[in-house]
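Here are a few exercises to work through with the model open beside you. Try each one yourself before you read on.

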Amino acid sequence: MKMLTTARKTLTIYGSALTLGLTAVFASTPAAAEETYTWKVQSHWPGSSSSYEDSLVRLQKILEERTDGRLELELYEAGSLFKAKEIFNAVSRGILEMGTISPSYAQDKITLAGIASGLPFAFRNVWEAAYFHQGLGFEQMLRDEAAEYGVYWATDKVYPTEMVVKQPINSWADFTKLKIRSSGALQTFLTEAGAAASYIPGGELYTALDSGIVDGAHWGASQGAFSMGLYEVAKYHVQPALNIAGTDVIIVSQKALDKLPEDMQNIVKQALDEQFWFRTNEYQYKERITLAKAINEHGVQVNTLPDDVQDRLTQTAQKLWDEEGKRSDNAKKALDMLKDYLSELGYL
């Protein structure tokens, strides 16, 4: 009996020592949750574009901070790894974990891309476009379409797209003589309206404008034009906006997202949701002060389109809306929702 008691004591002591030893080992070994992840991120923005710093670098810092360094974004500016129109496919296939695009670059896959790029002369205020996305469910419709390609879709911001031109537009004849750098639905719209619109990558835009290959261009609005140096060669900022839309999108490989621990997945999604509201509001503030700076420092003038030019552009625009609605049942649903919304606002 005494020997049995002694054995039990010995076993207890050994078990306690083993437990302490294992505890010490696990305490000194990084937990699985501490694993770090590095994502390659290809942007469609050149490094000189305002959104590269304000949107992409901002997101990089926030994700690294909120994950305690467990998620690092390795950023590549426009053209570094893929051409802009190849980014969606690279993210869809998991070659890239994240990217930024314009919806127009994915219009062969996403039937809502034309509406997302911004139907011309639809919204008149930024808040209207923001509510259409987040309040009426258009963002979720986009997300559902992208999910079919293994992509998580998050609109970066909504903002106005406004042209810069080398000579003022004072008549319809002036407009129809223009050669304009454009993309997506706006490229179609400007061509249908009578101008000669063509796509030119961001990295080649300044040279094309400076050399006269094009007479005007849109790259966002005043911030985009200023950051790309366009006001150096084009002194007229055209208003009203061609459109107000979610022209920039952050896309994430669903495969890469699924590999993250659940807490990190939630951090990424929450950061992207916050980004939409923060950047939409910040962009409007910076638009106002940037245009004022361009006027004061570069002698830029605001060129408000004559009423007859605006009327003709509006007529052309509304014909093109219906064409976008024909792309799919989903696109028709989104367009009907938009028209109902604009009617409620008193615009139709």
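**Exercise 1.** In which helix is the place of leucine 59? Work out its surroundings too.

*Solution.* Some ground rules: this is a predicted model, where local features need pLDDT of at least 70, side-chain atom pairs count only at pLDDT 80 or more, and totals for chains, interfaces and linings use all residues. Residues are numbered from 1 along each chain as its sequence is written, and side-chain values use heavy atoms, with hydrogens and water left out.

Step 1: find the element. Leucine 59 sits in helix 2, residues 50–66 (helices are DSSP runs of H or I with at least four residues, strands are E runs with at least two, both numbered from the N terminus).

Step 2: Leucine 59 has a relative accessible area of 1%, so it is buried (under 20%, with exposed over 50% and partly exposed in between, using a 1.4 Å probe and protein chains only).

Step 3: Leaving out neighbours within four places in sequence, leucine 59 is in contact with Leu73, Met98, Ile250, Ala271, Leu272 and Gln275 (contact means heavy atoms within 4.5 Å). Glutamine 275 is 216 residues away in sequence, yet the C-alpha to C-alpha distance is 7.7 Å.

**Exercise 2.** In what order do the five strands of the open sheet run? Then place the helices on it.

*Solution.* Step 1: read off the order. It's 2-1-3-10-4, with mixed pairing (two strands pair if DSSP finds at least two bridges between them).

Step 1: look at the edges. Strand 2 (71–76) and strand 4 (151–161) each have a single partner strand, so one side of each lacks a neighbour in the sheet.

Step 2: zoom in on one pair. Strand 1 (residues 37–42) and strand 2 are parallel, over six bridges; lysine 40 has glutamate 74 in strand 2 as its bridge partner.
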